[in-house]
Amino acid sequence: MQLNNLNYCEYQLKNGLPYFGLKATNYLPSNCEIVKIPFDLLITCSVAYKSELQNIFDQNPRYFLNNSQIECQRRILIIFLLFQFQIGSQSKWYHYIKNLPKDVETFSFWPEQEQQLLNDRFLLEQATREKYTFYQEFEIFKEITNKYNEVFDQELITIENFQSLYMILQTRIFGNTLPDLTLIPFCDLFNHECVNVYYELNYQEKENGKAISRAIQYRDQQFQEQQEYGSDSSTDGSYDSLDQQDEDQFSQEDFRGFLLKLEYDSHQVQFHETFEEKYNQTQETNDNATISYIGMSDSYDYQICPIGTQWKTLKDVYKIIQKLNDQVFTSKLEETIALFISGQFNFVIDECISQYMFNQIDSTELGYRINQIINEFISQRSQLESLQSSFKHQVLEYQTPQRQNFKVVEDQDSKIKYFVMSTSHKDKFEMNSQVYFCYGRLSNRQLLLRYGFCLEYNKYDHVYINLNYLAYANCRHTIYLAHQKRVKKTKLITLRQTRFPTEFVQFCKALTFQYKIHNTTSIFVFDQYCQEHYAMLLAIEIIQDHIDKYLNFDEIQFAQQLTDPNLNYHQYFSNIYRLEQQRICTQNINLLKMALMMIEDLKGCKEFDIDSTKYDQSIPTHFIQPYKYMIANYFKLCQFVL
């Protein structure tokens, strides 16, 4: 093993708690090798499988061969590590395994009292699921080791030893970009830091007698986020979506109770009672012309003809509306946007019918209005689908970082495989500075669950707000459709450290959309100042409500608590987690406030200049410069033409 100016060193957290890492004993420039390890020193899943334990793995394919690849590899490595620990100094990796830490705890294994310090029930739910998985894996571990008691020392088969092995793999494993899950001696001593530090991980392999190297690349940000929540829409995979709701929230009893509570102003909901009663009251009329629906196609062709029976005709209109709702919810529109747009569409149709039932308009005017509304809506729905697709494509192009071009290092003389960690063209470390390795684009939530720590000013951190958006719905028809179509009652809002909350603002524009006032395309395109202004105010209100409910503390005083020597590790990282959550919320509020000030400049017909807008004192001065360009990108993504 070759080390380039690296040494093991003890460091301290802000409150004096010790931790260990690697220090540069001399200046490390860009593009230089810092660690070079013979490949046969690595503990890979392939090595473990081909060991003297192979018969055990082959005889139990249910646990080691037939499940998901990651699960199988983890089980193989745990059994292999137990056996290597058991044979002691006879093991090739004796000194490495002997010196592995035994007291590492991820968030799932913190005492419940300390878990509660984070005040994050979703994180607690994830920890509970992981703890349940741990106990399931322990039962499998016991079953296998008890079955082969001639191979394994039964005194070692304890939950404490299993937890140590489980934590070693959880916190020290490499594998997301390698062929197998792999333990790499010494390289697992690098600490994680969220800076622009990415390493070339190269390993040598022979091909046609010539030694070559293959670059190992990191997964991109989108994949990392999917590991946490799948995606923002289904919501950032390996963990369950936060906006999945229990089926009983849409039970038929609740739905019937909901309908009974709705008032008379929603004629579609109370169609059978209200319209029939009104028909009996208005049976005599001089107007015998009404609407007759012809066909059930996308064209929605309507004609006005004298039929005479108002009840049947209005019922036909109701069926048409239901059919159109079905088509909207099966379209390519995002579900909540489809809900808000359809709710407003239903509202204006229902308003027309109400005017007709109270003799404010005749059947000819009713037919004309409904026909116009439906035709406009069909056209706008198609345009919305196109804009939504275009916007997502622009966001993906803008936000997805370019992969680095890794340098391929050839070694003509070397005949052994090796694993290399090198600084990239961006990296350099001064003498006596700590040398970091970036584990990936991980949020503080992922860091706690995977490694048991989190970071201040983690640029990959984000806040999730599980919003009950129906509380903000501007018409009852939206609420009715949410129940009828079994749409999720909550929307998972993502606030990021390094982006303007574009998707959140668009969601608020859809939430506050009014058919008579707004253009549907303005949800994705900035073309109505008032709608943009109101949506941003609503976004600020929602974020502030989240702060008041979960994070309401003084940031300065809370940050000073990190220097308290009485804090243990769990309390220290709990404080960091909550502090970063509030910082991100506050930052997003400031971004939205700055955007509002820019909008006011544009509304006043001033020549738009990103540097000309004057900001009030509520915006921290040192944040204004980086914030301005985040906001400028928002205008760009919304296709705003200056």
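Student: At what relative accessibility does K485 count as partly exposed?
Tutor: This is a predicted model: local features need pLDDT of at least 70, side-chain atom pairs count only at pLDDT 80 or more, and totals for chains, interfaces and linings use all residues. Residues are numbered from 1 along each chain as its sequence is written, and side-chain values use heavy atoms, without hydrogens and water. Buried means under 20% relative accessible area, exposed over 50%, partly exposed in between (1.4 Å probe, protein chains only). K485 counts as partly exposed because its value is 22%.

Student: Which residue forms a salt bridge with K485?
Tutor: A salt bridge puts a side-chain nitrogen of Lys or Arg within 4 Å of a carboxyl oxygen of Asp or Glu. Here the closest N and O atoms are 2.1 Å apart, and the partner of K485 is D326.

Student: How many residues apart are D326 and K485?
Tutor: Helices (H or I, at least four residues) and strands (E, at least two) are DSSP runs, numbered from the N terminus. D326 sits in helix 12, K485 in the loop between helix 16 and strand 13. The pair links distant parts of the chain, with a separation of 159 residues.

Student: Is R75 buried or exposed?
Tutor: R75 forms a salt bridge with E137, with closest N and O atoms 2.8 Å apart. The pair joins helix 4 to helix 7. At 8% relative accessibility, R75 counts as buried.

Student: Where does R172, the salt-bridge partner of D188, lie?
Tutor: The closest N and O atoms of D188 and R172 are 3.2 Å apart. D188 lies in the loop between strand 6 and strand 7, so the pair ties together parts 16 residues apart in sequence, with R172 in helix 8.
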